[in-house]
Amino acid sequence: MKTIFQKIAFLLVATCLLITVVASNQIARSNTGDNISNIEKCLINRLLNKKCTEPEKPKISPVPVVSPTPALVLTDKQRFIAALMNQFPEIPQPDSYEYILLRAYGAPFVNLEPTIKLPKKVVFSNDEETQLFQATLTKGKVVGTRNCYLQKSAADALNKAREQARFRLKSGYGKSDCIRNFATTAKFWRKYTNSKTLDLVKKGEETRILGTVAPPGTSQHLWGLAIDLGVNNQKQIKALNKNGWYRTVEYDIPHWSYVGYPPETLLRLGFRKKVTGKTTYWVTPL
């Protein structure tokens, strides 16, 4: 009996000491009531010569190291296509005829000026489609010409550039240098090509010709966003670029397209500044 009473007495003292120690530790370590109960049971088992299995210590999962998400870096092509999607929700398949034309003539399609009208398709099928589109345009006259008209925003920008540096129309005839009709573009195409050329272009086997003449229904001149100029010095080029006008069709030196943005914006949109011969072009990255 004495041994049992001694054990009980020891148990009571030990328990009191345990509670005191655990209570003080609880403040520092934030132990829960369940932890205290488990420790008490373990101590009682030991006093009664029973095996004590201490509860497993809770596993502390290491704090995961989250690597910072790298900034999304788009290629020139991806940025340009993203800009094109404002006009074309579905981009033509690579190497299709429409995609080839976008590569050559697609620069103006990134223009988001609300006053600029852009066609919903890359190729006008006939004169009727061309006329329907051109009837929606608000036109402006190029100062100092007889009948050279462009979309008004493009004409205003060109007139501003001409105040900063004088330059002339390529031919001097506004009808061919500025907005053109479907028949005029078809006539130019027949002049520089043969019956097989268009098929070769559609297959992607002949693209150099696109820097000389545009296939019927595809010219930027049909949109009122292109003009042929006689430009021969850096002051003229700087004035045109500053006002949103660029050479965008490689090998077509007289041809200028209205894109509407300063050069630094074109770089952010993915355009590539390419020097061919001694002429600088701002070409699409397609």
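# A tour from strand S6

Begin by selecting strand S6: His-255 and Ser-257 point one way from this strand, Trp-256 and Tyr-258 point the other way, and all are buried. Buried stands for under 20% relative accessible area, exposed for over 50%, and partly exposed for what lies in between (1.4 Å probe, protein chains only). The model is a predicted one, in which local features need pLDDT of at least 70 and side-chain atom pairs count only at pLDDT 80 or more, while totals for chains, interfaces and linings use all residues. Residues are numbered from 1 along each chain as its sequence is written, and side-chain values use heavy atoms, with hydrogens and water left out.

**The whole chain.** Helices (H or I, at least four residues) and strands (E, at least two) are DSSP runs, numbered from the N terminus. Of its 286 residues, 43% count as buried.

**His-255.** Select His-255 in strand S6, which covers residues 255-258. His-255 counts as buried because its relative accessibility is 5%. Now show its contacts, meaning heavy atoms within 4.5 Å. Leaving aside neighbours within four places in sequence, His-255 is in contact with Gln-220, His-221, Ala-226, Ile-227, Asp-228, Tyr-246, Arg-247 and Val-249.

Two of the side chains around His-255 deserve a label. The side chain of Gln-220 makes a polar contact of 2.7 Å with that of His-255, and the side chain of His-221 makes one of 3.4 Å with it. A polar contact is a pair of N or O atoms within 3.5 Å; within protein, one must be able to donate a hydrogen and the other to accept it, and residues adjacent in sequence count only if both atoms are side-chain atoms. Then select Lys-170, 85 residues from His-255 along the chain, where the two C-alpha atoms are separated by 9.0 Å.

**The sheet.** Next, colour the open sheet of four strands, whose order is S3-S4-S6-S5 with antiparallel pairing. Its edge strands are S3 (168-169) and S5 (245-246), each of which pairs on one side only. Two strands pair if DSSP finds at least two bridges between them. Strands of a sheet pair through backbone hydrogen bonds, either parallel or antiparallel.

Strand S4 (residues 226-230) and S6 pair in the antiparallel sense over three bridges. In this pairing, Asp-228 has His-255 as its bridge partner in S6, and Ile-227 stands opposite Trp-256. Turn next to S5, which runs antiparallel to S6 and is joined to it by two bridges. Here the bridge partner of Trp-245 is Tyr-258 in S6.

**Strand S8.** Move to Thr-279 in strand S8 (residues 279-283). Is Thr-279 buried or exposed? Thr-279 counts as buried, because its relative accessibility is 12%. Apart from neighbours within four places in sequence, Thr-279 is in contact with Arg-247, Ile-253 and Lys-274. Arg-247 is also one of the contacts of His-255.

**Two helices at a pocket.** Finish by selecting helix H7 (174-177) and helix H8 (182-192), each of which supplies at least two residues of the lining of the second largest pocket. H8 gives the largest share of that lining, four residues.
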